[in-house]
Amino acid sequence: MRCARPEDEPTLAEFFTHVTPDNLHFGFLGGVKEISHERLVAMTRCDDAHIHNFLAFSTDGMLIAIATLASDRADRTGEVAICIRACRKHLGVGWELLAYIAKYAEELGLEVAHFSIPQMRRRIIVA
């Protein structure tokens, strides 16, 4: 697991060709059917203190999931979105990412993080 970097753009583009439409639409980029170059650039930027994009790789180096933590401007609350490669769903990857992001959010001093579960299409609160 590590933060996304600008040189990850091609890897992200390839990753999104292996994501289910439901996961893309409901869980990660609401209403988006295709990932634009501009969106990929935004996801690999490191210069916004309120948006943190993390990449999770398998032991063989394949990108298997992306997690984004976006906090409000006051850094009081944050929202988490997780997107998992279709072939790696239902293996606990999302829960591992959520635990990692929750700890990271706590270190930032965020009080509450909202997490979207695509399969349920609703939000739960993680305190």
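Predicted model: local features only at pLDDT ≥ 70, side-chain atom pairs only at ≥ 80, totals over all residues.

Student: What does R5 pair with?

Tutor: R5 bridges to E7, with 2.9 Å between the closest N and O atoms.

Student: And E7, buried or exposed?

Tutor: E7 is exposed at 52% relative accessible area, while R5 is partly exposed at 35%. The cut-offs are under 20% for buried, over 50% for exposed, and partly exposed in between, using a 1.4 Å probe and protein chains only.

Student: Which residue does D47 meet in a salt bridge?

Tutor: That's R45, at 2.8 Å from N to O. D47 is exposed at 58% relative accessibility, and R45 is partly exposed at 43%.

Student: What about R73, which residue is its salt-bridge partner?

Tutor: R73 meets D48, at 3.7 Å from N to O. This pair links distant parts of the chain, 25 residues apart: R73 is in the loop between β3 (63–71) and β4 (77–84), and D48 is in the loop between α3 (37–44) and β2 (51–57). Those helices (H or I, at least four residues) and strands (E, at least two) are DSSP runs, numbered from the N terminus. R73 is exposed, at 63%.

Student: Switching to rings: how many aromatic pairs?

Tutor: Three. Rings of Phe, Tyr and Trp (its six-membered ring) pair if their centres lie within 6.5 Å; planes under 30 degrees apart count as stacked, over 60 as edge-to-face and the rest as tilted.

Student: Why is the pair of F15 and F16 edge-to-face?

Tutor: Because their planes sit at 75°, with the centres 5.2 Å apart. Both F15 and F16 are buried.

Student: And what does F54 pair with?

Tutor: F54 pairs with Y104, also edge-to-face, at 4.9 Å centre to centre and 75° between the planes. F54 is in strand β2 and Y104 in helix α4 (residues 93–108), so the pair ties together parts 50 residues apart in sequence.

Student: Where do those two stand on burial?

Tutor: F54 is buried, at 0% relative accessible area, whereas Y104 is partly exposed at 21%.

Student: Which residues make up the ring cluster?

Tutor: F54, Y100 and Y104, linked by ring pairs.

Terms used: Residues numbered from 1 in each chain as written. Heavy atoms only, no water. Salt bridge = Lys/Arg side-chain N within 4 Å of Asp/Glu carboxyl O.
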